[in-house]
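Please walk through this model one region at a time. Keep the sequence and the coordinates open together.

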Amino acid sequence: MTSFNTSLTAATTLLAPPALGFDDVTFSHQGKPLLGPCSFTLAGAGPTLVMGANGAGKSLLLRLAHGLLSPTQGQVTWDGPAPRQAMVFQKPVLLRRSALANLTHALAVNHTPRKACKPLAFEALARFGLTACADTPARVLSGGEQQRLALARAWVLEPEVLFLDEPTAALDPAAIKAVEAAVREFHQRGTRIVMTTHDLHQAKRLAGDVLFLAGGKVREHTPAEVFFTAPASKEAQAFLAGELIE
Ligand SMILES: Nc1ncnc2c1ncn2[C@@H]1O[C@H](COP(=O)(O)OP(=O)(O)OP(=O)(O)O)[C@@H](O)[C@H]1O
């Protein structure tokens with residue numbers, strides 16, 4: 001039986017993470033439109049799960065939202081000043097340093113007072129079950145440990161918005177569970193979560209709302225329970241039925 005995360009949604013209605021808007025955003029490469037035009041606002045509690053087939057434009061949408069890419073046309077907007085943001089990728093991007101140093105470096109770059117960096121880093125390592133790995137070079141950690149370190153690094157920065165691009169695609173069930181627990185904690189702390197996944201079960205476990213893409217266009221943006229029980233578009237119906245769509 002499906003269980004939607006109504007408790008997650010209820011827990012965070014008092015916290016208002018900054019709203020993200022796409023205003024007629026298009027992204028083209030060498031004159032070829034890859035995404036858009038799309039307009040939507042993420043103003044609800046979330047988490048927002050971005051779904052769609054391979055090549056639908058999910059990663060592009062996240063990169064545009066996070067500012068790693070600039071729209072060819074249109075605007076990405078925030079209600080208020082640009083928020084503190086972090087992004088976690090399927091393959092964690094870590095420095096050739098120890099796990100601890102990855103965190104202290106991120107804190108120092110973020111202008112955290114020098115004396116506070118190590119205690120905060122150790123606190124985050126403990127929170128993510130990585131204390132024993134503090135001195136281990138980040139790049140020799142297992143895939144699951146590296147992803148937890150990437151989440152710990154985001155955690156110390158206290159982002160108002162966290163983008164996650166298929167963060168569990170390469171992980172085993174235990175590691176997936178740890179990542180999902182962390183996502184829930186970020187959410188409960190008031191961080192806006194925008195995450196892509198191919199895993200329908202995972203989306204059902206985490207989503208407050210779903211942004212569904214097909215062919216570079218947003219076909220649906222609905223509460224999760226609506227998306228999973230009564231998708232409006234043919235593309236979403238086919239996707240949920242496991243049909244091959246482009
Ligand atoms: N920087 C880029 N330059 C040119 N083309 C790109 C760029 N980034 C993505 N594309 C193309 O845009 C389309 C959408 O890519 P995107 O990575 O957003 O898809 P996706 O929905 O995340 O797919 P997947 O589920 O396979 O990761 C693809 O055809 C891809 O080849």
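What follows goes from the core to a helix packed on it, then to the ligand, and ends with some backbone details.

The model is predicted. Begin with the largest nonpolar core, which has 65 residues. Val50, Leu103, Leu125, Leu151, Ala152 and Val210 have the most contacts inside this core. Helix 5, residues 143–156, gives the most to the core, with 7 residues.

Now zoom in on alanine 152. Neighbours up to four places away in sequence are left out here. Beyond them, alanine 152 touches Leu103, Ala124, Leu125, Arg127, Phe128 and Leu130. Two of these, Leu103 and Leu125, are also among the residues with the most contacts inside the core.

Next comes helix 4, residues 114–127. Helix 4 has 14 residues. From its first C-alpha to its last, helix 4 reaches 21 Å. That is close to the 20 Å expected at 1.5 Å a residue.

Which residues of helix 4 are buried? They are Cys117, Ala121, Ala124 and Leu125. Seen down the axis of helix 4, its buried residues fall within an arc of 100°, so they line one face. What covers the buried residues of helix 4 includes helix 3, residues 99–109, and helix 5. Just after helix 4 sits glycine 129, with a positive phi of about 65°.

Turn to the ligand. Which residues are around it? They are His29, Leu34, Gly52, Asn54, Gly55, Ala56, Gly57, Lys58, Ser59 and Leu60. By class, this shell has 3 nonpolar, 6 polar and 1 charged residues. Helix 2, residues 58–66, supplies the largest share of the shell, 3 residues.

Now check the backbone. Start with the cis peptide bonds. The bond from glycine 36 to proline 37 is cis, with omega near 0°. Proline 37 is in strand 2, residues 32–42. The bond from glycine 46 to proline 47 is also cis. Its omega is near -10°. Proline 47 lies in the loop between strand 2 and strand 3, the latter spanning 48–51.

Positive phi values come next. Glutamine 30 is not a glycine, yet its phi is near 50°. Glutamine 30 sits in the loop between strand 1, residues 20–29, and strand 2. Is glutamine 30 buried or exposed? Glutamine 30 counts as exposed, because it has 5 C-beta neighbours inside 10 Å, and the cut-off for exposed is 12 or fewer.

Histidine 111 is not a glycine either, and has a positive phi of about 65°. Histidine 111 is in the loop between helix 3 and helix 4. With 6 C-beta neighbours inside 10 Å, histidine 111 counts as exposed.

Finish at alanine 169, in the loop between strand 6, residues 161–165, and helix 6, residues 173–188. Alanine 169 has 15 C-beta neighbours inside 10 Å, so it counts as partly exposed. How many residues apart in sequence are alanine 169 and lysine 91? The separation is 78 residues, while their C-alpha atoms are 8.9 Å apart in space. Leaving aside neighbours within four places in sequence, alanine 169 is in contact with Gln90 and His198.

Note on methods:
Residues numbered from 1 in each chain as written. Predicted model: local features only at pLDDT ≥ 70, side-chain atom pairs only at ≥ 80, totals over all residues. Core = buried A, V, L, I, M, F, W, Y, C linked by C-beta atoms within 7 Å. Buried ≥ 20, exposed ≤ 12 C-beta atoms within 10 Å, placed from the backbone. Helix = DSSP H or I, 4+ residues; strand = E, 2+ residues; numbered from the N terminus. Contact = placed C-beta atoms within 7 Å. Near = placed C-beta within 6 Å. Nonpolar A, V, L, I, M, F, W, Y, C, P; charged D, E, K, R; others polar. Expected span 1.5 Å × (residues − 1). Arc of directions from axis to C-beta.
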